[in-house]
Amino acid sequence: MRTEPSTAGTTAAAAAVVAGRAGRATAGDATAVAHPNIALIKYWGKRDQSLVLPWTSSLSMTLDLFPTTTRVRLAPGAGHDTAALNGVPARGETLRRITGFLDLVRETAGSGRRAVVDTRNTVPTGAGLASSASGFAALAVAAAAAYGLELDATALSRLARRGSGSASRSLFGGFAVWHAGPDTGPAAAADLGSYAEPVPAVIDPALVVAVVNAGPKEVSSREAMRRTVGTSPLFRPWAASSRDDLAGMRAALERGDIDAVGEIAERNALGMHATMLAARPAVRYLSPATVTVLDRVLRLRREGVAAYSTMDAGPNVKVLCRRADAERVASAVREAVPDGTVLVAGPGPGARLLGEGE
Ligand code: PMV
């Protein structure tokens, strides 16, 4: 069990914190930017809903596309928080999640002040492209600075986790592992031990993102996870195999073996979808267009291109390949799904505070 959270290799987020200390964010007003991440080893299922502790550790690549920019301003005298998403006032469940998150920050900061949150998302919201990851990572960094908290990268990752599990990984650029944390002992130890940190990798990959449907999903990932953990006979076997997949993935990243990285990522994602298909009632995010892309990727492999698929809580497919092959993969996928939008992403930066005028 860990006792001291590690701060090794956390430069991007640590720099964000230092920037806050240096006064780039005025007290009570801070803006942060964060990018989404795509898991190569999936997070699927919570063992503690309120602390957002996962059953298994996961590993992701942060993208250089679709940043979320979030400004948090304290509003002395205001009776409640307000938030706008792309200029549209947040209500209902969305506002409740943001307020609940700010309550955590206020508790740590010993503040009762309400805030005004303005967030701009460039990723299609709710389409399985991890808008909640970039959203809560940016909110964690901006809110911590606005409320005057001096948190290191590990603490920021733990904070972001409470908003959305996958957000813990978007604190970091490149590849990051989110530790599940100890699953025995007190909840406080599990909470301290469940954070993300960068992992070494020597591959130069691209993720070709095939958006086959940019609309919001019918079942939220939160509900789908709960149903899967509660009812799917395949969940526990997948979780056990995912632990092995993570060890294999870390080794493959370190030796720069893109085929092993891709094979492990693809089987881990298909396994995750299998757990949902076996839930009662089933959750099926994959659509005919998804399967069309999966088939095209298989054909690319037969043609000798290292290309591997992964899918999240939605029908869109992300295809991992060498950066040098990205254009070939993208045009093959574009031909396969001419109505879709196909973009090429590379490894992106960690979350950071923006300076004035940025
Ligand atoms: O943290 P959430 O609710 O965005 O969970 C997302 C889970 C997956 O995207 C399906 C997998 C992952 O690890 O990101």
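**View 1. Strand β12 between two partners.** Six bridges tie β12 to strand β14 (residues 317–322), and the two run antiparallel. Helices and strands here are DSSP runs numbered from the N terminus, with at least four residues of type H or I for a helix and at least two of type E for a strand. Look for V209 in this view: its bridge partner in β14 is K318. β12 also has five bridges to strand β15 (residues 341–345), again antiparallel. There, V208 stands opposite V344. Two strands count as a pair if DSSP finds at least two bridges between them. In general, strands of a sheet pair through backbone hydrogen bonds, either parallel or antiparallel.

A quick note on what you're looking at: this is a predicted model, in which local features need pLDDT of at least 70 and side-chain atom pairs count only at pLDDT 80 or more, while totals for chains, interfaces and linings use all residues. Residues are numbered from 1 along each chain as its sequence is written, and side-chain values use heavy atoms, with hydrogens and water left out.

**View 2. The two faces of β12.** How many residues of strand β12 (residues 205–211) are buried? Seven of its seven are, so the strand is mostly covered. "Buried" means under 20% relative accessible area, "exposed" means over 50%, and "partly exposed" is in between (1.4 Å probe, protein chains only). P205, L207, V209 and V211 point one way, while A206, V208 and A210 point the other way, and all are buried.

View 3. Around the ligand sit 13 residues, and the closest are Y43, S132, S164, R169 and S221. By class, the shell holds five nonpolar, five polar and three charged residues. (Ala, Val, Leu, Ile, Met, Phe, Trp, Tyr, Cys and Pro count as nonpolar, Asp, Glu, Lys and Arg as charged, and the others, Gly among them, as polar.)

View 4. Which part of Y43 lies 2.9 Å from an oxygen atom of the ligand? A backbone N or O atom of Y43 does. With S221, a polar side-chain atom lies 3.0 Å from a ligand oxygen. Taken alone, the ligand exposes 380 Å², and the protein buries 92% of that. Those areas come from the Shrake-Rupley method with a 1.4 Å probe.

**View 5. V177 in strand β10.** V177 is part of β10 (residues 175–178). Is V177 buried or exposed? With a relative accessible area of 0%, V177 is buried. Leaving aside neighbours within four places in sequence, V177 is in contact (heavy atoms within 4.5 Å) with S58, L59, Y195, A196, E197, V199, L246 and R250. Find A39 as well: V177 and A39 are 138 residues apart in sequence but 9.2 Å apart in space, C-alpha to C-alpha.

**View 6. R158 in helix α4.** R158 sits in helix α4 (residues 153–163). Its relative accessible area is 19%, so R158 counts as buried. Apart from residues up to four places away in sequence, R158 touches D191, L192, S194 and Y195.

**View 7. An open sheet of six strands.** The order is β8-β7-β9-β6-β1-β16, and the pairing is mixed. At the edges are β8 (88–89) and β16 (352–353), each pairing on one side only. Strand β1 (residues 29–34) is joined to β16 by two bridges, and these strands run antiparallel. Here A32 stands opposite L353.

View 8. Start with P281, in the loop between α8 (258–277) and α9 (288–302). A cis peptide bond joins R280 to P281, with omega about -5°. V52, in the loop between β3 (46–48) and β4 (53–54), is not a glycine, yet has a positive phi near 55°. V52 counts as buried because its relative accessibility is 3%. P338 lies in the loop between α10 (326–336) and β15, and counts as exposed at 63% relative accessibility.

Note on methods:
Near = heavy atom within 4 Å. Polar contact = N/O pair within 3.5 Å; in protein donor to acceptor, adjacent residues only side chain to side chain.
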